[in-house]
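Hi,

Here's the structure I promised to pass on.

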Amino acid sequence: MKTIKYYILITGLCVCWSILPGLSASIDKPNNILQSAIIDVNSPFIKDGVLDVNAVVKHFEDLYRSASSISEVELKITKPRNERTLEMKMWTKGEEKALIVIQSPAREKDTATLKVDNNLWNYLPRINRTIRIPPSLMMNSWMGSDFTNDDLVRESSFTKDYIYKLAGHTENPPGWQVDLIAKPDIVGLWNKFELIVSEDGTIPLQAKYYDRRDRLARTIIWSDVKDFDGHIIPSKMLLTPEDEKGQKTEMIYNDINFNVTVPDDMFSLSQLERKR
Amino acid sequence: MKARTIQIAWRNIGRNKKRTGLAMLAIAVGQFALLATNSLMRGYTDNIRIAITGPMIGHIRITEPNWAEERALDLVLNDVNEMIDVIEDESFVDSAAARIYAPVLVAPKEDAFIGTVVGVQVQTESKDYGLLSGFDKPLEKGKVLVGHILAKKIETNAGDEIAIVGQAADGSLANDLFIVQDIIKCPVDLINQLGIVMSLGEAQELFVMPDEAHEIVIRNKTSEQVNAAAESFRNIPILKNTEIQTWEEIVPQLVVILKTSSYVGYFILIIVFIAAVAGIANTLVMSAFERFHEFGMLLALGSSPFRLVRMIVSEAVLIGLLGVAIGTLLGIGFIIVTSDSGIDMASWGGDGQVEDMAYQGLNLPLHVFPRLEIFDIILGLCGIMFTSLIASIWPAWIAGRLEPMEAMRA
């Protein structure tokens with residue numbers, strides 16, 4: 001009987017020993033961040049079992065970029081009372097130039113958006129007019145989606161405009177959390193955002209964006225990792241705004257060709273207004 | 001009060017004309033201030049009430065239950081034409097007008113600006129108190145009216161072509177070209193600041209909202225019984241799943257302002273009350289002290305102390321009545337002088353650039369036409385009579401307690 005009591009006591013202590021560190025981590029650190037976790041993953045971004053945060057942020061910044069690209073994208077916009085899907089073709093050159101042309105539905109076919117540096121134009125084929133989106137409207141919705149014009153133009157640079165640091169390892173989703181906090185002299189939308197990347201640091205998994213009042217404004221979840229032309233990237237991006245119930249926008253990359261030849265005149269107003 | 005006593009009182013108040021004159025002047029100024037303030041406040045609250053129950057939200061507004069909170073484009077009323085027919089069948093309804101509100105980008109040239117398309121039933125809204133009241137030209141097809149502040153901002157004029165881009169109720173892209181028919185100034189601030197007004201039919205087509213609208217604005221024939229009218233609409237089957245609100249429920253803040261304004265008159269009355277008490281009491285006390293010898297004589301000749309009291313009270317009432325009469329004449333003169341031109345309160349505030357004041361999306365005209373009611377005169381009269389009696393208590397009490405011999409020696 002005495003042996004059984006000792007057995008129960010020792011077993012109880014072992015259970016407590018195993019639970020307590022987890023409890024303290026979940027209480028002290030949000031999102032179950034385990035600061036001291038050492039991950040044994042073979043990745044160019046892991047040095048001595050710890051994430052190389054500088055390399056990860058730079059990689060994240062250039063994830064969907066290259067010298068040039070042509071992609072086919074589907075945009076699913078879900079609102080509380082309606083849902084619609086846009087099919088688009090996108091051409092990019094470097095960080096500064098992009099052309100997006102809507103392929104379907106018919107009502108919006110050939111509607112196009114041109115980005116050159118920090119300028120944005122929309123071409124409306126139905127009325128054959130091109131309008132420039134002024135900087136004051138950069139935070140407005142793009143094509144009725146939850147993405148803003150600023151998301152397209154992306155004036156801000158993660159590496160230049162944010163101070164970033166490794167917050168630690170997370171369990172849900174399993175990966176590394178990097179906190180990016182806007183520099184004090186930068187006027188931008190996001191006060192900070194918490195980016196979670198995969199264990200090897202190559203794939204973004206989730207990002208929570210906080211506004212100037214430090215309120216959670218939106219969450220992006222990346223999924224469906226695919227090999228596009230040798231680039232391993234998530235093909236699906238789900239954006240959920242916090243203040244709009246029942247609303248979300250899903251961006252799905254059906255095809256991306258990187259480092260293809262895209263002529264410079266592709267990114268001109270005349271090309272924007274070209275009949276297709 | 002006997003006529004003889006009043007006759008003596010009348011004679012007594014004329015003994016020291018300067019002192020009596022000053023007391024009457026104080027009362028007259030008080031009565032004038034009361035009438036002028038009350039009539040101005042009434043004119044001002046008339047402006048607010050007319051702006052709310054007229055072009056802004058009418059007496060009653062019907063919307064989809066969540067629209068007021070979310071203002072989402074797709075929170076619409078369906079079967080709007082049938083709803084309006086049913087509403088206009090009610091005998092107390094003067095007009096019912098459907099409206100559409102849609103945020104858009106407006107581009108006269110290359111650059112885009114934020115605007116709001118307001119789709120209206122032009123014929124109904126052109127009536128008195130409608131959104132387009134005073135606008136006598138019919139709105140032509142393919143043309144829009146632009147709020148004067150927005151027009152200035154986007155540098156557009158009548159005859160210009162503008163592109164309108166927005167999101168339709170079904171989520172698709174709404175875009176079209178329109179000609180600016182005219183630039184308008186409206187009591188609703190939203191229209192002036194951001195408004196692009198087009199016919200309801202064209203707005204329904206642009207934003208894919210067939211037989212749909214965001215609100216129905218109802219104006220009753222009178223401003224009375226609005227709550228009962230709203231209740232009767234709630235029992236109509238086609239309006240069952242809608243939100244029906246009276247103007248007092250929609251803009252409670254403005255209702256508070258209206259109620260507060262009505263108390264300003266009472267505040268002025270208290271000031272008048274204090275001025276009158278001080279003026280009359282001072283005049284009568286001084287007069288009583290000066291006439292101790294005379295009072296002693298009257299008492300010695302057989303007058304009762306009560307007769308002296310009556311005499312002093314009569315003097316107080318006469319001074320009060322004369323003061324009220326002069327103040328009322330001044331007040332009526334003020335109303336007559338300003339009845340046609342009104343008073344431009346904006347000019348009191350600076351360089352005259354500001355013509356209206358916007359609050360809660362409502363443009364409150366600062367050009368006020370004072371309106372006097374008989375109640376204001378009666379209020380002042382009753383207040384002054386009451387204070388005259390109060391002011392006469394002390395001197396009457398002194399006179400009533402006089403001993404004839406001591407008074408004659410005084």
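Let's start with two helices: B:T5, B:I6, B:I8, B:A9, B:W10, B:N12 and B:I13 in α1(B) meet B:R307, B:R310, B:M311, B:S314, B:E315, B:L318 and B:I319 in α13(B). Sorted by class, that contact holds 8 nonpolar, 3 polar and 3 charged residues. (Nonpolar is Ala, Val, Leu, Ile, Met, Phe, Trp, Tyr, Cys and Pro; charged is Asp, Glu, Lys and Arg; polar is the others, Gly among them.) "In contact" means C-beta atoms, placed from the backbone, within 7 Å. Helices (H or I, at least four residues) and strands (E, at least two) are DSSP runs, numbered from the N terminus.

This is a predicted model, where local features need pLDDT of at least 70 and side-chain atom pairs count only at pLDDT 80 or more, while totals for chains, interfaces and linings use all residues. Residues are numbered from 1 along each chain as its sequence is written, and chains are lettered from A and ligands numbered from 1 in the order in which they are written.

Next, B:I312: setting aside neighbours within four places in sequence, B:I312 is in contact with B:L284, B:A288, B:S392, B:P395, B:A396 and B:A399.

Finally, where do the two chains touch? The contact takes 20 residues from chain A and 17 from chain B. On chain A's side, the elements giving two or more residues are β3 (68–79), β4 (82–93) and β8 (129–132). β8(A) gives the most, with 4 residues. That side of chain A divides into 8 nonpolar, 4 polar and 8 charged residues.

Cheers
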